[in-house]
Amino acid sequence: MIIPDNVDQQMMQRCLTLARQGLGYTSPNPLVGAVIVKDGKIIGEGFHPKAGEPHAEVFALREAGEKAVGGTVYVNLEPCNHYGRTPPCTEALISAKVARVVVGMVDPNPLVSGKGIARLQEAGIEVTVGVEEAACLRLNEAFCHRILNNQPFGILKYAMTLDGKISSSTGHSAWVTGTKSRQLVHQIRAGCDAVIVGGNTVRRDNPHLTIHQVTGVNPLRVVMSRNLHLPEEANLWNVDIAPTIVFTEWGNNPSLQTKLRDKGVEVIELSPLTPSQVMDILYERQLCSVLWECGGVLGAEAITQRVIQKIMAFIAPKIIGGFSAASPVGDLGLDKMSDALPLQNVSFRQVERDILVEGYLEAI
Ligand SMILES: Nc1nc(O)c(N)c(N[C@@H]2O[C@H](COP(=O)(O)O)[C@@H](O)[C@H]2O)n1
Ligand SMILES: [Zn+2]
């Protein structure tokens, strides 16, 4: 392959493309891709496929072999300088005698942060940091949030009409948005480690919460139901497609608990059952990103408990009306419009006739 102009940016974009091949498999580790270039040609490429397996740099070095001597290595995350599940990549890069390393972003992991870059510089390797940094940060926003806050990154996703309703006043909601938006949701799910819904969503919509027509892995499906008044038969109880965990409060509906466990559904009793307790457990289970596809009551509770960092709102150009038709976020206890939670880094994207508004509830 011939290398184009603005090589550093182009090669970093190539790293991001490679890194995305690990989407859905790497948690709690980041998505990382690496490219090695020498004499204007790519001589090695790699990506991190799974926690416990070698890092992206190692795969790229393996492919380049002896030719890596004097080459330039591109990697979207600072090379590690610690013994984790795998040995430090800095030592592999130094042994391979590469001349230059171009890093997309500093690793926020306190075990690494800045130390990988310092080690390479000490060994006489030229290091450039911050190429395509915004795109690198965005790709690993969930990893960064998790490692800095000891909690998974929470995304609240909803679809609403132009008059702010997620269903009609009878509860009917199929469908608010168009086909393309719904396909995009499947892609978003494929990039998340878990999807959470409340008991109402299970009773009313009987969702699968899987991915269709996109490549990737199904996320873990999570149901939060205080009273455990859930149907005995539901799509989510078919764990052959994807695992399901049901969180409930201690001692509720023991006979359904037994039936669910018999079907292979994991049931966890917590008192009190709160979004933040659930996120703590998902953190311990090594998850980086959690997509909340719940109704307004649970969504508001999750926002109040600060477990939601990002909002993805699909808005369809239609009006349903109805005083009792549900809206995407329930009571936040805010009385004045001046208290409304502002989103940051907001972006807008047209998806057929719908608009996707994305933004962050607080800086990450
Ligand atoms: N630069 C880089 N490339 C990769 O491919 C990576 N997976 C990482 N991860 C960093 O190292 C930590 C995990 O180390 P182990 O896989 O346990 O050895 C991870 O937290 C990142 O800081 N970095
Ligand atoms: Zn490494």
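Lysine 310 and glutamate 358 are both buried. They also pair with each other: a salt bridge joins them, with 3.5 Å between the closest N and O atoms. The model is predicted. Its salt bridges number 18.

**The network at glutamate 358**

- Four residues are linked in a network of salt bridges: Arg138, Glu141, Lys310 and Glu358.
- Lysine 310 sits in strand 12 (residues 310-316) and glutamate 358 in strand 14, so their bridge ties together parts 48 residues apart in sequence.
- Glutamate 358 also meets arginine 138 in a salt bridge, at 3.0 Å from N to O.
- Glutamate 358 has a relative accessible area of 8%. It counts as buried because that value is under 20%.
- Arginine 138 is partly exposed, with a relative accessibility of 41%.

**The pair glutamate 266 and arginine 285**

- These two side chains form a salt bridge, their closest N and O atoms lying 2.6 Å apart.
- This pair, too, links distant parts of the chain, 19 residues apart. Glutamate 266 is in strand 10 (residues 266-269). Arginine 285 is in the loop between helix 10 (275-284) and strand 11 (289-292).
- Is glutamate 266 buried or partly exposed? Glutamate 266 is partly exposed, at 31% relative accessible area.
- Arginine 285 is partly exposed as well, at 37% relative accessibility.

**Around ligand 1**

- The shell of ligand 1 holds 18 residues, and those that come nearest are His55, Glu57, Arg85, Thr86 and Asp107.
- By class, seven of the shell residues are nonpolar, seven polar and four charged.
- The side chain of glutamate 57 places an N or O atom 2.7 Å from a nitrogen atom of ligand 1.
- The backbone takes part too. A polar backbone atom of glutamate 78 is 2.9 Å from a nitrogen atom of the ligand. For leucine 77, a backbone N or O atom lies 3.2 Å from a ligand nitrogen.
- Taken alone, ligand 1 exposes 510 Å², and the protein buries 97% of that area.

Notes. Residues are numbered from 1 along each chain as its sequence is written. Chains are lettered from A and ligands numbered from 1 in the order in which they are written. This is a predicted model: local features need pLDDT of at least 70, side-chain atom pairs count only at pLDDT 80 or more; totals for chains, interfaces and linings use all residues. Side-chain values use heavy atoms; hydrogens and water are left out. Buried means under 20% relative accessible area, exposed over 50%, partly exposed in between (1.4 Å probe, protein chains only). Helices (H or I, at least four residues) and strands (E, at least two) are DSSP runs, numbered from the N terminus. A residue is near a molecule or strand if one of its heavy atoms lies within 4 Å of it. A polar contact is a pair of N or O atoms within 3.5 Å; within protein, one must be able to donate a hydrogen and the other to accept it, and residues adjacent in sequence count only if both atoms are side-chain atoms. Accessible areas come from the Shrake-Rupley method with a 1.4 Å probe; for residues, only the protein chains shown count as cover. Ala, Val, Leu, Ile, Met, Phe, Trp, Tyr, Cys and Pro count as nonpolar, Asp, Glu, Lys and Arg as charged, and the others, Gly among them, as polar.
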